[in-house]
Amino acid sequence: MAARNAFRYVSRRLSSSGKVLSEEEKAAENVYIKKMEKEKLEKLARKGPKPEDQAAAGAGGAGSVADGAASAQASSTPGVSNDKYRNYGVLAGLVTAVGAFGWYSLSKDKKAEEVQD
Amino acid sequence: MNTDITASEKPEYPVVDRNPAFTKTVANFNTLDYLRLTTITGISVTVGYLSGIRPGIRGPSMVTGGLIGLMGGFMYAYQNSAGRLMGFFPNEGEVAKAKYKI
């Protein structure tokens, strides 16, 4: 019984976005999401029908970690990513990669010196 | 009040400073320490960004991840720097610098 309850709890947690919501909360969330989507679309429409797909494709090449982000912002110049947070994210990923490489190579040098001694 | 920092294990490397001050330890950060700090912060920011995509809080989640990474990275770098000064970690650089000063 306890095991079944636990399984149900875990599966429900995993199925939603990590939170167990009651029906009312779910409904409220759905309404909110719909509202936000509508606002986003309106914003896009106001900025004019420019192809934002190109900007998304241009930014995706730099860091594969940032893929999957739905870029909702229209770009004024094609080929330039205007998604601020995503740019920061990609930058952080690159810094991490460079830092990890430096860390790895520096600690390796030290070990080699120790062996020589 | 007992504020002595004698450890249960004896330092196996030359002791440069038995009880280094905060500023001295931070000033003693070497390239590897800064790389540690940067890498840990970068990982945290990236993970914060990625985990914030689905709930739509990429910015705040990235900032919070950055704060966590900065704290952890600084503590890790501080631990290494202090350990080298106190002789618990390999400290050729610190010993050479101390000799040069004398």
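# Salt bridges and the A–B interface

User: How many salt bridges are counted between chain B and chain A?

Analyst: This is a predicted model. The pair in question is A:D83 with B:R58. Their side chains meet at 3.0 Å, N to O, inside the 4 Å cut-off for a salt bridge. The count between chain B and chain A is 1 salt bridge.

User: Which secondary-structure elements of chain B each supply at least two residues of the side that touches chain A?

Analyst: Polar contacts also cross this interface, in 5 residue pairs. On the chain B side, two helices each bring at least two residues. They are α2 (31–53) and α3 (58–86).

User: Which element gives the most to the side of chain B that touches chain A, and with how many residues?

Analyst: Both α2 and α3 of chain B supply at least two residues to that side. The top contributor is α2(B), with 14 residues.

User: How do the residues of the side of chain B that touches chain A divide into nonpolar, polar and charged?

Analyst: Helix α2(B) gives the most residues to this side. By class, the residues there divide into 11 nonpolar, 6 polar and 3 charged.

User: What area do chain B and chain A bury between them?

Analyst: In contact terms, 20 residues of chain B meet 22 residues of chain A. Carbon and sulfur atoms carry 71% of the buried area. The area that the two chains bury between them is about 1800 Å².

User: Is B:R58 buried or exposed?

Analyst: B:R58 is found in helix α3 of chain B. Its side chain makes a polar contact with the side chain of A:D83 at 3.0 Å. The relative accessible area of B:R58 is 17%, under the 20% cut-off, so B:R58 is buried.

User: How far does α3(B) reach from its first C-alpha to its last?

Analyst: Helix α3(B) has 29 residues. At 1.5 Å a residue, 42 Å is expected. Just after the helix, B:G87 takes a positive phi of about 85°.

User: Leaving aside its neighbours within four places in sequence, which residues is B:N80 in contact with?

Analyst: B:N80 has its place in helix α3 of chain B. Its relative accessible area is 10%, so B:N80 is buried. Beyond its sequence neighbours, B:N80 is in contact with B:D33, B:R36 and B:F89.

User: How many residues apart are B:R36 and B:D33 in helix α2 of chain B?

Analyst: The side chains of B:R36 and B:D33 meet in a salt bridge at 2.8 Å, N to O. Both residues are buried. An α-helix has 3.6 residues a turn, so residues three or four places apart point the same way. B:R36 and B:D33 are about one turn of the helix apart, that is, 3 residues.

User: Which residues are linked with B:D33 in a network of salt bridges?

Analyst: One link is the salt bridge of B:D33 with B:R36, at 2.8 Å. The network joins B:D33 to B:R36, B:R84 and B:E94.

User: How many salt bridges does the rule give over all chains?

Analyst: Side chains of opposite charge can pair when their charged atoms come close. One such pair is B:D17 with B:K24. Over all chains the count comes to 6 salt bridges.

User: B:D4 forms a salt bridge with B:R18; how far apart are the closest N and O atoms?

Analyst: B:D4 is partly exposed, with a relative accessible area of 47%. B:R18 also counts as partly exposed, at 45%. The closest N and O atoms of the pair are apart by 2.8 Å.

User: What distance in sequence separates the parts that B:D4 and B:R18 tie together?

Analyst: The salt bridge joins B:D4 to B:R18. Both residues lie in the segment before α1 (22–27) of chain B, so the pair ties together parts whose separation in sequence is 14 residues.

User: What share of the residues of chain A count as buried?

Analyst: Chain A comes to 4 helices and 0 strands. From the N terminus on, its elements run α-α-α-α. Of its 117 residues, the share that count as buried is 17%.

Note on methods: Residues numbered from 1 in each chain as written. Chains lettered and ligands numbered in written order. Predicted model: local features only at pLDDT ≥ 70, side-chain atom pairs only at ≥ 80, totals over all residues. Heavy atoms only, no water. Contact = heavy atoms within 4.5 Å. Buried area = accessible area lost by both parts, 1.4 Å probe. Polar contact = N/O pair within 3.5 Å; in protein donor to acceptor, adjacent residues only side chain to side chain. Nonpolar A, V, L, I, M, F, W, Y, C, P; charged D, E, K, R; others polar. Expected span 1.5 Å × (residues − 1). Buried < 20%, exposed > 50% of the residue type's maximum accessible area, 1.4 Å probe, protein only.
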